[in-house]
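Here is a report on one protein chain. It covers the core, the salt bridges, the surface and a few backbone details.

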Amino acid sequence: MSTAAYAKTILDRLAIEVPSWAYGNSGTRFKVFGQPGVPRDPYEKVADAAQVNLYTGTVPTVALHIPWDKVSDYAHFAAYAKAVGLELGTITANVF
């Protein structure tokens with residue numbers, strides 16, 4: 001097997017769990033820099049993550065950040081994630 005073919009087989013198995021906050025506005029504790037089109041809720045963050053996975057095939061899970069990604073029905077939220085081609089991954093608590 002050539003080096004390029006071997007590298008492709010390795011990359012085909014690559015899976016990266018992206019944190020949900022990566023799809024939101026960026027900033028610091030002093031100021032948030034709003035951008036148009038930023039997800040307004042956890043469902044929209046998962047939808048954006050699903051688009052990244054659709055194009056790359058490397059983002060099958062999204063890590064949630066609580067309390068920012070808190071929802072009233074986690075079973076429904078998990079079903080939604082599955083419907084758009086993702087799994088919910090790690091739960092990160094806000095410990096600031």
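Where does Ser20 lie? Ser20 sits in the loop between strand 1 and strand 2. Helices (H or I, at least four residues) and strands (E, at least two) are DSSP runs, numbered from the N terminus.

This is a predicted model: local features need pLDDT of at least 70, side-chain atom pairs count only at pLDDT 80 or more, and totals for chains, interfaces and linings use all residues. Residues are numbered from 1 along each chain as its sequence is written, and side-chain values use heavy atoms, with hydrogens and water left out.

**Ser20 and Asp69**

Ser20 is buried, at a relative accessible area of 2%. Buried means under 20% relative accessible area, exposed over 50%, and partly exposed in between (1.4 Å probe, protein chains only). Not counting residues up to four places away in sequence, Ser20 touches Lys45, Val62, Ala63, Leu64, His65 and Asp69. Contact here means heavy atoms within 4.5 Å.

Asp69 belongs to the loop between strand 4 and helix 3. Asp69 is buried too, with a relative accessible area of 1%. The contacts of Asp69 are Ser20, Pro42, Lys45, Leu64 and Tyr74, again leaving out residues up to four places away in sequence.

Asp69 also pairs with Lys45: their side chains meet in a salt bridge (2.9 Å, N to O). Asp69 is in the loop between strand 4 and helix 3 and Lys45 is in helix 2, so the pair ties together parts that are 24 residues apart in sequence. Both partners, Asp69 and Lys45, are buried.

**Salt bridges**

A salt bridge is a side-chain nitrogen of Lys or Arg within 4 Å of a carboxyl oxygen of Asp or Glu. By this rule there are four salt bridges. The table includes three of them.

| Asp69 | Lys45 | 2.9 Å |

Asp12 and Lys8 are four residues apart in helix 1, so about one helical turn separates them. Asp12 is exposed, with a relative accessible area of 53%.

**The core**

Which residues make up the largest nonpolar core? The set has 12 residues in all: Val18, Tyr23, Val46, Ala49, Ala50, Val59, Val62, Leu64, Val71, Phe77, Ala81 and Leu86. Helix 2 (42–56), strand 4 (61–66) and helix 3 (74–83) are the elements that give two or more residues to this core. Helix 2 gives the most, with three residues. A nonpolar core is a set of buried Ala, Val, Leu, Ile, Met, Phe, Trp, Tyr and Cys residues joined through side-chain atoms within 4.5 Å.

Ala81 is one of the core residues. Outside the four places on either side in sequence, Ala81 touches Val46, Leu86 and Leu88.

**Helix 1 and the surface**

Met1, Tyr6 and Ile10 form a nonpolar surface patch, with about 370 Å² of accessible area together. Such patches join nonpolar side chains (Val, Leu, Ile, Met, Phe, Trp, Tyr) within 5 Å, or like charges within 9 Å, using residues with over 30% relative accessible area and no salt bridge. Accessible areas come from the Shrake-Rupley method with a 1.4 Å probe; for residues, only the protein chains shown count as cover.

Tyr6 lies in helix 1 (residues 3–12). Tyr6 is partly exposed, at 49% relative accessible area. Leu11 is also found in helix 1, and Leu11 is exposed at 54%. Leu11 and Gly57 are 46 residues apart in sequence, yet 10.0 Å apart in space, C-alpha to C-alpha.

**Backbone details**

Which residues does a cis peptide bond join? The bond links Ile66 and Pro67, with omega of about 20 degrees. Pro67 is in the loop between strand 4 and helix 3. Just after helix 3, Gly85 has a positive phi of about 95 degrees. Most residues other than glycine have a negative phi, and most peptide bonds are trans.

Gly24 is in the loop between strand 1 (17–19) and strand 2 (26–27). Gly24 touches Gln35 and Val38, not counting residues up to four places away in sequence.
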